[in-house]
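Q: Please take a close look at the surroundings of the ligand in this model, and then follow the chain from there into the rest of the fold.

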Amino acid sequence: KAVGPVEDCVFCKIIKGELPARVVYEDEDIIAFLDINPAAPGHTLVVPKKHYKNILDAPDEVVSKVFLVAKKIGKAAIEALDAKGVNVITNAEPVAGQIVMHFHVHVIPRFKEDELKF
Ligand code: 5GP
Ligand code: ZN
């Protein structure tokens, strides 16, 4: 199901360098950049460079890598931003709130108990 860069996919465009992003982590398979509309300071999206629609579509190795990077970023947010915790979330399909149809995991630093729901 892996496909090359998908036309009109914003995350494929960011990966190709056709759209700007605040990249916070990158390796051979994964890129992570700040969310354009953050739910909290440091809200980061962890994205595989190959296009898969969502977690349900992505191979287990890709899911593992994405979540391991999400864990690293969560820990870094706690150290660098003095966050007190983190939400690690992925939405699959529009009914579950998925808007960008390229698999991604949200890492949302949390600073205090508040009304923020995701
Ligand atoms: P979803 O609801 O699909 O899980 O979340 C998509 C996320 O991508 C949203 O939080 C939205 O703010 C973010 N987003 C959408 N377009 C862009 C973009 O062009 N650049 C960045 N950095 N984030 C984006
Ligand atoms: Zn894509």
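A: The shell around ligand 1 is made up of nine nonpolar residues, four polar ones and one charged one. This is a predicted model. Of the 14 residues around ligand 1, those that come nearest are Ile-36, Asn-37, Asn-91, Ile-99 and Val-100.

Another residue to look at is Asn-54. Asn-54 sits in the loop between S3 and H2. Asn-54 touches Ala-92, Glu-93, Gln-98 and Phe-103, leaving aside residues up to four places away in sequence. With one of these, Gln-98, the separation along the chain is 44 residues, while the distance in space is 8.5 Å from C-alpha to C-alpha. Asn-54 has 17 other C-beta atoms within 10 Å; a buried residue would need 20 or more and an exposed one 12 or fewer, so Asn-54 counts as partly exposed.

Next comes the sheet. Five strands form an open sheet, in the order S1-S2-S3-S5-S4, and their pairing is antiparallel. Strand S1 (23-26) and strand S4 (85-89) are at the edges; each has a single partner strand, so one side of each has no neighbour in the sheet. From one strand to the next, the twist averages 20°. As a general point, the strands of a sheet pair through backbone hydrogen bonds, and the pairing can be parallel or antiparallel. S3 and S5 run antiparallel and are joined by three bridges. Leu-45 stands opposite His-106 in S5.

Helix H2 lies across S1, S2, S3, S4 and S5, and runs at about 20° to S5.

The largest one has 20 residues, and Ala-32, Val-46 and Val-107 have the most contacts inside it. At least two residues of this core come from each of these elements: helix H1 (10-16), strand S2 (30-34), strand S3 (44-48), helix H2 (60-81) and strand S5 (105-110). H2 gives the most, with five residues. In soluble globular proteins, nonpolar side chains tend to be buried together.

Val-46 shows how these parts meet. Not counting residues up to four places away in sequence, Val-46 touches Ile-30, Ala-32, Val-66, Val-69, Ala-70, Ile-73, His-104, Val-105 and Val-107.

Key:
Residues are numbered from 1 along each chain as its sequence is written. Chains are lettered from A and ligands numbered from 1 in the order in which they are written. This is a predicted model: local features need pLDDT of at least 70, side-chain atom pairs count only at pLDDT 80 or more; totals for chains, interfaces and linings use all residues. A nonpolar core is a set of buried Ala, Val, Leu, Ile, Met, Phe, Trp, Tyr and Cys residues joined through C-beta atoms within 7 Å. Helices (H or I, at least four residues) and strands (E, at least two) are DSSP runs, numbered from the N terminus. Two residues are in contact if their C-beta atoms, placed from the backbone, lie within 7 Å. Two strands pair if DSSP finds at least two bridges between them. Axes are lines fitted to C-alpha atoms, for helices over the stretch in contact, and angles run from 0 to 180 degrees between N-to-C directions. A residue is near a molecule or strand if its C-beta atom, placed from the backbone, lies within 6 Å of it. Ala, Val, Leu, Ile, Met, Phe, Trp, Tyr, Cys and Pro count as nonpolar, Asp, Glu, Lys and Arg as charged, and the others, Gly among them, as polar.
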